[in-house]
Amino acid sequence: MSSPHYLEAGPIALRFNRVVGWLARHGVSLLGSAELSVRGRKSGRMQRIPVNPHSHGAQRYLISARGHSQWVRNMRVAGGGELRVGRKVRGFTATEVTDAHEKLPVLRTYLERWGWEVNQYFQGVTAKSSDEEILAAAPDHPVFLINVKE
């Protein structure tokens with residue numbers, strides 16, 4: 001059995017993430033980005049990473065373009081976290097969307113909005129790909145429905 005899909009960040013991506021996270025902590029959101037804080041499943045410490053919260057219809061989602069990353073594994077255990085932009089910190093609960101057909105329209109609109117940044121992690125799948133191609137990629141990209149506590 002193979003391990004879950006995950007594309008580790010290289011040195012340039014790590015540097016970029018640090019800059020985007022720092023900007024979000026200091027109140028600058030790049031095109032809607034925010035800093036995610038989620039409690040570590042082993043350490044118990046808050047892990048921070050920049051994310052692109054995605055709206056689809058009236059719902060908000062977090063999608064892991066890189067796959068089954070550490071923040072995804074932590075979110076599965078924690079069931080929620082916080083999104084920060086500057087001083088504005090909003091807690092949320094999260095429910096993983098596991099049905100590929102339910103994920104399909106969310107992933108398509110995510111790729112439409114964020115494809116310029118994340119297409120490289122979807123191994124050739126883009127917003128213009130067929131439903132079948134997106135459905136085939138869906139298991140590699142966890143999606144969480146988030147309910148922000150206002």
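Which residue takes a positive phi just after H2? Gly79 does, with a phi of about 75°. The model shown in these views is predicted.

**View 1**
Helix H2 spans residues 70–78. Its buried residues are Trp71, Val72, Asn74 and Met75. Seen down the axis of H2, these residues fall within an arc of 165°, so they line one face of the helix.

Look just past the end of H2 to find Gly79 and its positive phi.

**View 2. Trp71 of helix H2 pairs with Phe144 of strand S7.**
The structure holds 3 aromatic pairs. Trp71 and Phe144 form one of them. Their ring centres are 5.9 Å apart. Are Trp71 and Phe144 buried or exposed? Both are buried.

**View 3. Tyr110 and Phe122 form a tilted pair.**
The ring centres of Tyr110 and Phe122 are 6.4 Å apart. Their planes stand at 50°, so this pair is tilted. Tyr110 lies in helix H3 (residues 100–118). Phe122 lies in the loop between H3 and helix H4 (131–137). The pair therefore ties together parts that are 12 residues apart in sequence. Tyr110 is buried, and Phe122 is buried too.

**View 4. Trp114 sits in helix H3 with a charge over its ring.**
Trp114 is found in helix H3. The charged end of Arg113 sits over the ring of Trp114, 4.5 Å from the ring centre. How accessible is Trp114? Its relative accessibility is 2%, so it counts as buried. Leaving out residues up to four places away in sequence, Trp114 touches Leu30, Leu31, Ser33, Asn52, Pro53 and His54. Ala78 lies elsewhere: its C-alpha atom and that of Trp114 are separated by 26 Å. Along the chain, Trp114 and Ala78 are 36 residues apart.

**View 5. Glu35 and Arg25 join strand S1 to helix H1.**
The structure holds 4 salt bridges. One of them forms between Glu35 and Arg25. The closest N and O atoms of this pair are 2.3 Å apart. Glu35 lies in strand S1 and Arg25 in helix H1 (residues 11–25), so the pair ties together parts that are 10 residues apart in sequence. Glu35 is buried, with a relative accessible area of 2%. Arg25 has 25% relative accessibility and counts as partly exposed.

**View 6. Glu96 and Arg76 join strand S6 to helix H2.**
Glu96 forms a salt bridge with Arg76. Here the closest N and O atoms are 2.8 Å apart. Glu96 belongs to strand S6 and Arg76 to helix H2, so the pair ties together parts that are 20 residues apart in sequence. Glu96 is partly exposed at 27% relative accessibility. Arg76 is partly exposed at 37%.

**View 7. Asp131 and Arg108 join two helices.**
Asp131 forms a salt bridge with Arg108. The closest N and O atoms are 2.6 Å apart. Which helices does this pair connect? Asp131 lies in helix H4 and Arg108 in helix H3, so the pair ties together parts that are 23 residues apart in sequence. Asp131 is partly exposed, with a relative accessible area of 38%. Arg108 has 19% relative accessibility; the limit for buried is under 20%, so Arg108 counts as buried. Elsewhere, salt bridges that share partners join Arg25, Glu35 and Arg48 into one network.

**View 8. Strands S1 and S2 pair in a hairpin.**
S1 and S2 run antiparallel, joined by 6 bridges. Ser37 has Arg48 in S2 as its bridge partner. How many residues lie between the strands of this hairpin? There are 6. In this hairpin, Gly44 takes a positive phi near 80°.

Technical notes. Residues numbered from 1 in each chain as written. Predicted model: local features only at pLDDT ≥ 70, side-chain atom pairs only at ≥ 80, totals over all residues. Heavy atoms only, no water. Buried < 20%, exposed > 50% of the residue type's maximum accessible area, 1.4 Å probe, protein only. Helix = DSSP H or I, 4+ residues; strand = E, 2+ residues; numbered from the N terminus. Arc of directions from axis to C-beta. Phe/Tyr/Trp six-rings, centres within 6.5 Å; stacked < 30°, edge-to-face > 60°. Lys NZ or Arg CZ within 6 Å of the ring centre and 35° of its normal. Salt bridge = Lys/Arg side-chain N within 4 Å of Asp/Glu carboxyl O. Contact = heavy atoms within 4.5 Å. Pairing = 2+ DSSP bridges.
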